Amino acid sequence: MSLAQLISAPHLQQRLGQENLLVLDCRFALEDPAYGRRSYLDGHIPGAHFLDLEQDLSAPVIKGVTGRHPLPDPSSLVERLRSCGLRADSQVVLYDDGPGAYAARAWWLLLWLGKRDGLYLLDGGLKAWREADQELTIAPPENTPGDFSAQPDSDLLLSAEQLALRLGNPDFTLLDARALPRFRGEVEPLDPVAGHIPGAQCAAFTDNLDADGRFLPAPVLRERFDKLRGDRPVENLVAYCGSGVTACHNLFAMSLAGYPLAPLYAGSWSEWITDPSHPIATGD
């Protein structure tokens, strides 16, 4: 079974109340960090717990050393997930407002910790839930702590040093999940340096979605990533983005398409540019 699974709003509604179901609200806005929690308190899917990108799904930023969303300390993240009720047999449904980038970050982190089954993204996110006329609540969820035991998998990660050694390898595929103008270096709204890592290809995560914000069918996603990869080995593929968030959306989409889970350069562009010796590129 694929590591990436989708669940529709009606199907999730039918499963609400199941004993092993854990729903996690991952809403966030880069321009308004308090947005996610505020929106959760205004209304969320019944039984959902809230996870904050910066407080729960990232470690504190170290200026000039880390990217904008460093990976969280595994023990701290596990403690937080247990407080939400995570167990080894939990069926976990993750959602955000709709595009799925923040939910995909939580999906990848759960995989990294060793949770390899029972992970779902709500297809279309809260937008799809609302369009299906499903209930929202302001009631806090029941809080029965879980006992999930983590085993972080370092094979899912690539460091800046390891990535630098691969640059220039003709068999290497490096996919950048940011939008094309940021990839080209034409604009940079978040980081002090514009451009991309040399040799990377632009694979904007939004192109994994249809006009309604739902994931494209698996064969269409397969065609998309096959075209980007060309005849290079699938084992030599690495994903990155601005800070290690939207790259997880590409990893989820590739998994839906039948690809093996590729490594993530978690520090991504915002970490890469902290070292002035790292090369950068602009344009296509």
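Modeller: In sorting residues by class, Ala, Val, Leu, Ile, Met, Phe, Trp, Tyr, Cys and Pro count as nonpolar, Asp, Glu, Lys and Arg as charged, and the others, including Gly, as polar. The lining of the largest cavity then has nine nonpolar, no polar and no charged residues. The model is predicted, so local features require pLDDT of at least 70 and side-chain atom pairs pLDDT 80 or more, while totals for chains, interfaces and linings use all residues. Residues are numbered from 1 along each chain as its sequence is written, and side-chain values use heavy atoms, leaving out hydrogens and water.

The structure holds one cavity of 30 Å³ or more, where a cavity is a set of points on a 1 Å grid over the protein atoms alone at which a 1.4 Å probe fits but cannot get out. The volume of the largest cavity is about 30 Å³, taken as the space filled by probe spheres set on the points. Leu24, Leu51, Leu57, Leu77, Leu81, Ala106, Leu109, Leu110 and Leu113 line the largest cavity, each with an atom within 4 Å of a point. Helix 3 and helix 4 are the elements that give two or more residues to this lining. Helix 4 supplies the largest share, four residues.

These helices are DSSP runs (H or I, at least four residues), numbered from the N terminus. Helix 3 (residues 74–84) packs on helix 4 (residues 101–113) at about 110 degrees, with the axes 11 Å apart. Axes are fitted to C-alpha atoms over the stretch in contact, and angles run from 0 to 180 degrees between N-to-C directions. The two helices are therefore roughly perpendicular, a term for angles of 65 to 115 degrees. The crossing of helix 3 with helix 4 is left-handed, meaning that the near helix is turned anticlockwise from the far one by less than a right angle. Pro74, Leu77, Val78 and Leu81 of helix 3 meet Leu109, Leu110, Trp112 and Leu113 of helix 4, contact being heavy atoms within 4.5 Å. This contact has eight nonpolar, no polar and no charged residues.

Helix 4 also packs against helix 9 (residues 246–256), at about 75 degrees and with axes 7 Å apart. Helix 4 and helix 9 are therefore roughly perpendicular as well. Here Ala101, Ala104, Arg105, Trp107 and Trp108 of helix 4 meet Thr246, Cys248, His249, Leu251, Phe252 and Ser255 of helix 9. By class, the residues of this contact are seven nonpolar, three polar and one charged.

Helix 9 in turn meets helix 8, their axes coming within 8 Å and crossing at roughly 115 degrees. That crossing is left-handed. Ala218, Leu221, Arg224 and Phe225 of helix 8 and Asn250, Ala253, Met254 and Leu256 of helix 9 make the contact, which divides into six nonpolar residues, one polar and one charged.

Leu216 lies in the loop between strand 7 (201–202) and helix 8 (218–229). Leu216 and Ala253 are 37 residues apart in sequence and 8.6 Å apart in space, C-alpha to C-alpha. Not counting residues up to four places away in sequence, Leu216 touches Asp207, Asn208, Leu209, Asp210 and Leu221.

Notes:
Parallel < 35°, antiparallel > 145°, perpendicular 65-115°, else oblique. 1 Å grid on protein atoms, 1.4 Å probe; cavity = no way out; pocket = protein on both sides within 12 Å on 5 of 7 lines; lining within 4 Å.
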